[in-house]
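Visitor: I would like to learn how to read a structure like this one. Could you take me through it, feature by feature?

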Amino acid sequence: MLKNIKKITLAESIREALVLSMKKNDNVILVGLGVDDPKGIFGTTKDIDKIFKKERVFDFPTAENAMTGISIGASLLGMKPVIVHQRVEFSLLSLEQIINQAAKWFFMNGGTKSVPLVIRLIIGRGWGQGPQHSQSLEAIFAHIPGLKVISLSTPYNAKGLLISSIEDKNPVIIFEHRWLHEIQGEVPKKYYKIPLGKAKVVKKGTDITLVSSSYMVIECLRSAKILKSYSIDVEVVDIQSLRPLDIQTIMNSVKKTKKAIIVDNGGINFGISSEIIARLYENFSNKEKSICKIERIGPPDNPIPSTRELAKYCYPNYLDIIKKTEKLLKKKFKNLEKYKDNIPLDQPNKDFMGPF
Amino acid sequence: MKISKSIKIKLFREMLRIRLIEQTIASKYHEAEMRCPVHLSVGQEAIAVGVCQNLKKNDKIVTAHRSHAHYLAKGGSIKKMLGELYGKVTGCAKGLGGSMHLIDLNAGVFAAVPIVGSTIPIGTGIAWANKLKKKKEIVAAFFGDGATEEGVFFESLDFASLHDLPILFVCENNEYSVYSHISKRQSSKRSISKIANSFGIESLQIDGNNIEDIFLETKKIIDKVKSKSKPFLIELKTFRYLEHCGPNNDDKLNYRTNKYLNLWKKKCPIINYQHHLKKYNYLTTKEIEKMNMKIRAEIFHAFNFAKKSKFPEKILLKKYIYA
Ligand SMILES: Cc1ncc(C[n+]2csc(CCOP(=O)(O)OP(=O)(O)O)c2C)c(N)n1
Ligand SMILES: [Mg+2]
């Protein structure tokens, strides 16, 4: 491995992005419940308070709406707050400040002043988190003009996208999946940016396109690997930026393979996959409309229950993606059972024993 | 006022029962069959018992993530609670909710949710409906010190005062919100009970580890809340023994100083009350042992029930989205 690249977890990569950004820009401050506690937001902010003076890392009262408004206020005088919520659901208390204020500020002041603010939202899953700790609510935020909405999937893109978000002049919402914090990947040690608003082809292929974001990119790559042994060459597109949506990159891939499954990380009704399919059809020629076959897959249309016996029906995985591929390609893959792993669906790996 | 022998024993037994249930959950958690986050109430039993012993069956409570003690003290079914923790269809929410969503309408346990502060207005609304329907019942809303930082706490106090609602706000101040000490979250000049006063709501600070104080004081207060239809807030300092969420002790993380831990560990509401009851001959060692055995038998059966219960059927995923 090269000297300037190292293998780290996604949590460590977020931490690096934060530390480098704070070193580069004195105005960057960390805000959120537990940012300086012994667990440091699943390791992503661990001990950053020890590197910088106390005035840069702020634990906060349980007051999400005020926390957001206060951060907006601070950003107006040039501070660069990076807020974090350990669960997406806690940010719902601050939707007023996010949607009415931060998102519209620049517009409603006629371009006088923007709100440069980053809000990290962590999606929970597994170990019986239950209906209020396991929602993937990207679509709510992606619905709002004025927000940028980013979804992390690898240690590499986590660092580059977070750094770009911190440099951005607008409110940026970043989705992090709890199951990705421990995954490992190669990450350059340096300060680098990945432009917001760009999707990425993470695996090239010719037979079918899988379009996804967040944790579901991992499931897509797993199914691609298995499908290879059935001689199916899969292309995987990581959306990365839900708003602005890079429909061009997705479109190029689908036009090439003529078949696509949009693998939604959140509920499919009124969701990210709805938007992608609608945009594809709006942009297709009549001929493409009749040739291209597009399906989607995602969690069913119900709250996620606590009990593992029912939660297991709520998370499509690589096997479901493969079955959808069978349907789309009108094929039957033999002996798929042998690819079934024995990790329960409420654990990202065998070591994960909750409770959070 | 004096407390009768039978009530003293009852207060003790209720606390002991909750402690033993929580400890059994902790000891079995590693079996990985209760697969949901648990926020155990160990150390805070006196508040739940002292308040709930003064509530009638029809009185309602609402609580938050750390709800086991409240649910049990109010008479919630142990079997249904454990069924819920095991994710079984016999659970109080049929396994759909998990540990953070306990409910038992028969016992007046109306709501428990993990979003901090969210049941404070809901409890206030139940009290409002009681008043509108001219019912003589009251609501006790349990919440932590952290929850008093949420806007809904203030908004609910105002409404409860404005409409003279029969509700008892019960703030369990264990000085921590996860790993954060209260001094990192609230100004030292701030007082939870005085906040209530500024809304025109009477309040009282009570030692949260002294069962008799809690019982006697809330008895008077609840009579007042009922007869005068007025809100009241009590703030009880207490101590959480275990980690914020999960079955273990996390003292090694050092977010609470040894001095603090040692001080509070001397104030265990159950051990101290046991000393008191023995010293003044309300209970003998033998009787306490017998009590322990009986409670343990109940717990054993309830765990067996939960373990043997069936998981819910898939159809439940769609059955309860709309009423
Ligand atoms: C709105 C919201 N913000 C943050 C959290 C994360 N959280 C869960 S429990 C908790 C601690 C709350 O402290 P307190 O109210 O004092 O209750 P305790 O745990 O001490 O019983 C926090 C911050 C949450 N569940 N909901
Ligand atoms: Mg507390």
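**Domains, chains and a metal site**

Guide: The contact (heavy atoms within 4.5 Å) takes 29 residues from domain 1 of chain A and 22 residues from domain 2 of chain A. This is a predicted model, in which local features need pLDDT of at least 70 and side-chain atom pairs count only at pLDDT 80 or more, while totals for chains, interfaces and linings use all residues. Residues are numbered from 1 along each chain as its sequence is written, chains are lettered from A and ligands numbered from 1 in the order in which they are written, and side-chain values use heavy atoms, with hydrogens and water left out.

Visitor: How much area do domain 1 of chain A and domain 2 of chain A bury between them?

Guide: The size of an interface is often given as the accessible area lost when the parts come together. Buried area is that loss with a 1.4 Å probe, summed over both parts. For domain 1 of chain A and domain 2 of chain A it is about 2000 Å², with 56% of it on carbon and sulfur atoms. Between these domains there are 0 salt bridges, a salt bridge being a side-chain nitrogen of Lys or Arg within 4 Å of a carboxyl oxygen of Asp or Glu. The rule does find 12 residue pairs in polar contact across this interface, both residues at pLDDT 80 or more. A polar contact is a pair of N or O atoms within 3.5 Å; within protein, one must be able to donate a hydrogen and the other to accept it, and residues adjacent in sequence count only if both atoms are side-chain atoms.

Visitor: Which elements of domain 1 of chain A touch domain 2 of chain A?

Guide: Helices (H or I, at least four residues) and strands (E, at least two) are DSSP runs, numbered from the N terminus. Helix H7 (138–142), strand E6 (148–151) and helix H8 (155–167) of chain A each supply at least two residues to that side of domain 1. E6(A) gives the most, with 4 residues.

Visitor: How many residues of chain A are in contact with chain B?

Guide: There are 37 residues of chain A in contact with 40 residues of chain B. Chain A and chain B bury about 3100 Å² between them, 61% of it on carbon and sulfur atoms. The count between the chains is 15 residue pairs in polar contact, both at pLDDT 80 or more. Across the interface there are also 3 salt bridges. The side chains of B:Lys184 and A:Asp36 meet in a salt bridge, 2.9 Å from N to O. On the side of chain A that touches chain B, helix H4 (88–91) and helix H13 (308–311) of chain A each supply at least two residues, and H13(A) gives the most, with 3 residues.

Visitor: Which residues are the protein donors of the magnesium ion (ligand 2)?

Guide: Donors are N, O and S atoms within 2.8 Å of the metal (3.2 Å for Na, K and Ca); water is not among the atoms, so sites may look incomplete. B:Asp145 (OD), B:Asn174 (OD1) and B:Tyr176 (O) are the protein donors, lying 2.1 Å from the ion. In sequence the donor residues are spaced D-x28-N-x1-Y.

Visitor: Are B:Asp145 and B:Asn174 buried or exposed?

Guide: Buried means under 20% relative accessible area, exposed over 50%, and partly exposed in between (1.4 Å probe, protein chains only). Both B:Asp145 and B:Asn174 are buried.

Visitor: Why does A:Thr257 count as buried?

Guide: A:Thr257 counts as buried because its relative accessibility is 2%. This residue is in helix H10 (residues 247–257) of chain A, and a polar contact of 2.7 Å joins the side chains of A:Thr257 and A:Thr209.

Visitor: How many salt bridges does the structure hold over all chains?

Guide: The structure holds 34 salt bridges over all chains. One of them joins the side chains of A:Lys50 and A:Asp47, at 2.8 Å from N to O. A:Lys50 is exposed at 64% relative accessibility, whereas A:Asp47 is partly exposed at 32%.

Definitions and conventions:
Buried area = accessible area lost by both parts, 1.4 Å probe.
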